[in-house]
Amino acid sequence: MNIRKKIKIKFAGVLFLGIIAGLISYPQAMKFAPPFYNALNKLKINLGLDLQGGIHLEYKADVSNVEKSKVNDALQGAQDVIERRINAFGVGEPLVQTAQSGGERRIVVELPGVKDIEEAKKRIKDTPFLEFKEETSPEELAKTQELFNSLNEQTKKQAEDILQRALASENLEDLAKQYSQDPGSKDQGGDLGFVKKGIFVPEFNKILFEENLKPGEIYPKLVESQFGWHIIKFIESRGEGDNLEVHSQHILFAKQSAEMVPDLKYKSTGLSGKNLKSAAVTFTSQGLSEPQVSLKFDAEGTKLFAELTKKNLGKTIAIYLDGTVISAPVVQAEIANGEAVITGDFSQEEAKELAQRLNEGALPVPLTLVGQQSVEASLGAESLKKSFVAGLVGLAAVMIFMIFYYRFLGVVAVIALLIYTCIMVSIVKLSGTFTPWPITLTLSGIAGFILSIGMAVDANILIFERTKEEIRRGRGIMNALDEGFKRAWTSIRDGNVSSIITSFILIMMGTGFVKGFAVMLIVGVLISMFTAVTISRTLLRVLVGEWIMDKLWMMGISEKSKIKNQNEK
């Protein structure tokens with residue numbers, strides 16, 4: 001493949017990259033194609049606490065009663081518990097981290113979008129709760145099932161009433177949105193789309209494929225399946241034989257049973273985290289062996305655990321942390337000395353994680369709220385608006401300068417700069433969807449982004465100046481471009497690597513806002529290097545040719561300076 005062909009392929013790649021990044025950054029350009037527009041518009045920028053409002057809480061952790069060697073584990077445990085509780089809020093991009101202020105250990109919590117500060121404080125401050133539960137007896141489960149049977153009778157009666165309303169021409173779609181308990185179709189008005197035979201449960205299939213219903217007909221009886229009672233409407237069919245597909249609509253009234261509620265399988269025993277002295281990873285024997293988790297109880301716990309293991313031989317004892325089962329080992333023998341082990345097919349990491357989670361309940365770190373701040377969403381929106389305007393003004397000023405001073409080269413730099421900006425916005429959007437490391441945009445992050453724009457331009461300026469020097473020395477345009485890139489590259493590389501090293505130090509030593517600035521700066525520096533040495537270079541190789549040697553003023557070079565240099569040689 002010759003050089004010219006390689007350049008054309010690179011140019012096509014740059015165009016493709018620019019178009020894709022542009023559409024992700026500005027999906028409104030695809031409004032004429034709704035499916036693409038909807039897909040692109042789902043990609044959002046995660047805004048930080050300072051931009052969308054929310055709550056900032058700071059807790060002092062009392063580690064005075066924790067052994068020095070276990071302080072970090074205890075803090076990590078408390079941090080993990082807080083994160084799990086925040087996740088139960090459904091908060092997007094929460095920040096929970098430990099910090100040190102003087103001699104105090106602290107936990108900082110930031111909840112973007114949360115307004116109820118009292119509710120947030122209540123949920124976070126509650127002590128982690130570890131409890132041991134035993135299996136519910138079959139007789140107790142049967143009594144619970146009787147209660148569910150009574151509820152199911154009421155549900156069936158309601159289903160029959162709704163069926164009569166549907167048969168009386170009331171809109172089935174509206175009824176489904178109001179009453180259906182099928183989460184997969186409720187919002188679509190019960191619409192199940194086209195399906196082939198065998199997709200649904202047998203009772204459902206029989207009605208759709210064997211009862212010869214007419215288009216638009218509602219089956220006049222309730223259809224009972226393992227999931228509950230269905231009201232079924234046949235909408236239309238297509239194809240035939242093995243390719244027959246049926247389009248239907250339904251309303252589901254769900255059955256309930258004791259087996260469907262996992263928490264009913266176990267009941268409290270009175271043994272809780274306050275009785276657990278410690279949990280640790282041990283091994284079954286010396287040398288290579290399977291890891292296991294050992295438990296030690298206090299005096300009260302020893303007594304309770306002995307009674308528990310005695311009456312539950314061969315059964316499971318579930319260990320709950322904050323209402324969630326984290327382990328359910330089978331009791332192998334009565335344990336009277338207050339020391340037990342949980343065995344299983346654990347990896348060392350899994351055993352370590354289980355021990356840590358058990359210790360979370362046994363070694364809670366008392367937390368005291370020492371600072372709180374509520375950021376109004378309106379303040380964040382105003383900051384975002386000002387930052388956006390500042391960014392646009394800065395970008396426009398840089399573009400005007402580049403075009404004024406470097407003329408045609410400046411135009412190429414502006415194109416590269418726009419592609420760079422689109423790539424940056426796309427990375428921020430895509431990071432929250434396709435990577436486990438979503439980038440949250442804060443005010444400091446925007447500052448890092450704007451600074452990286454300046455660095456992206458700086459790289460172009462270095463390249464252009466070196467190129468102009470080579471032209472003044474009498475080189476042809478293509479040779480001057482290649483030499484200009486070679487001479488500028490070391491300066492670009494060294495400057496950007498220095499910025500990246502500094503940014504990594506900020507990430508390791510700084511707090512949340514400083515880290516946000518550093519992360520955006522690192523991403524911006526890396527993309528700016530890619531833009532300068534790949535995009536700008538490819539654009540220049542395609543758009544600039546020997547034709548420009550007769551119009552050097554378009555590169556900001558006077559004929560006199562070229563002639564002068566040549567004469568000096």
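Is M509 buried or exposed? In this predicted model, where local features need pLDDT of at least 70, side-chain atom pairs count only at pLDDT 80 or more, and totals for chains, interfaces and linings use all residues, M509 is exposed, with a relative accessible area of 70%. Residues are numbered from 1 along each chain as its sequence is written, and side-chain values use heavy atoms, with hydrogens and water left out. The classes of exposure are buried (under 20% relative accessible area), exposed (over 50%) and partly exposed (in between), with a 1.4 Å probe and protein chains only.

M509 is placed in helix α14, residues 477-509. Helices (H or I, at least four residues) and strands (E, at least two) are DSSP runs, numbered from the N terminus. M509 also belongs to a nonpolar surface patch with V497, I501, F504, I505 and M508, and together these residues have about 660 Å² of accessible area. Patches are made of residues with over 30% relative accessible area and no salt bridge; like charges are joined within 9 Å, and nonpolar side chains (Val, Leu, Ile, Met, Phe, Trp, Tyr) within 5 Å. Accessible areas come from the Shrake-Rupley method with a 1.4 Å probe, and for residues only the protein chains shown count as cover.

Side chains of opposite charge can pair when their charged atoms come close. The structure holds 21 salt bridges, each being a side-chain nitrogen of Lys or Arg within 4 Å of a carboxyl oxygen of Asp or Glu. One of them joins E134 to K311, with the closest N and O atoms 3.4 Å apart. Because E134 lies in strand β5 (residues 130-135) and K311 in helix α9 (residues 299-311), this pair ties together parts that are 177 residues apart in sequence. E134 is buried at 7% relative accessible area, whereas K311 is exposed at 54%.

A second salt bridge is formed by the side chains of E224 and K255, at 2.7 Å from N to O. E224 is in strand β8 (residues 223-225) and K255 in the loop between β10 (245-254) and β11 (266-272), so the pair ties together parts that are 31 residues apart in sequence. E224 is partly exposed, at 41% relative accessible area, and K255 is partly exposed at 21%.

R106 and E104 also form a salt bridge, their closest N and O atoms being 2.7 Å apart. R106 is buried, at 16% relative accessible area, while E104 is partly exposed at 27%. Elsewhere, salt bridges link R466, E469, E470, R473, R475 and R487 in a network.

The largest pocket holds about 800 Å³ of space. On a 1 Å grid over the protein atoms alone, a pocket is an open set of points with protein on both sides within 12 Å along at least five of seven lines, and lining residues have an atom within 4 Å of a point. Grid points are joined across faces, edges and corners, and a volume is the space filled by probe spheres set on the points. The lining of the largest pocket comprises 28 residues, of which I45, F388, T421, V425 and F449 lie nearest its centre. Two or more lining residues come from each of α11 (377-406), α12 (408-434) and α13 (443-472), and α12 gives the most, with seven. By class, the lining has 20 nonpolar, six polar and two charged residues. Ala, Val, Leu, Ile, Met, Phe, Trp, Tyr, Cys and Pro count as nonpolar, Asp, Glu, Lys and Arg as charged, and the others, Gly among them, as polar.

Conventions:
1 Å grid on protein atoms, 1.4 Å probe; cavity = no way out; pocket = protein on both sides within 12 Å on 5 of 7 lines; lining within 4 Å.
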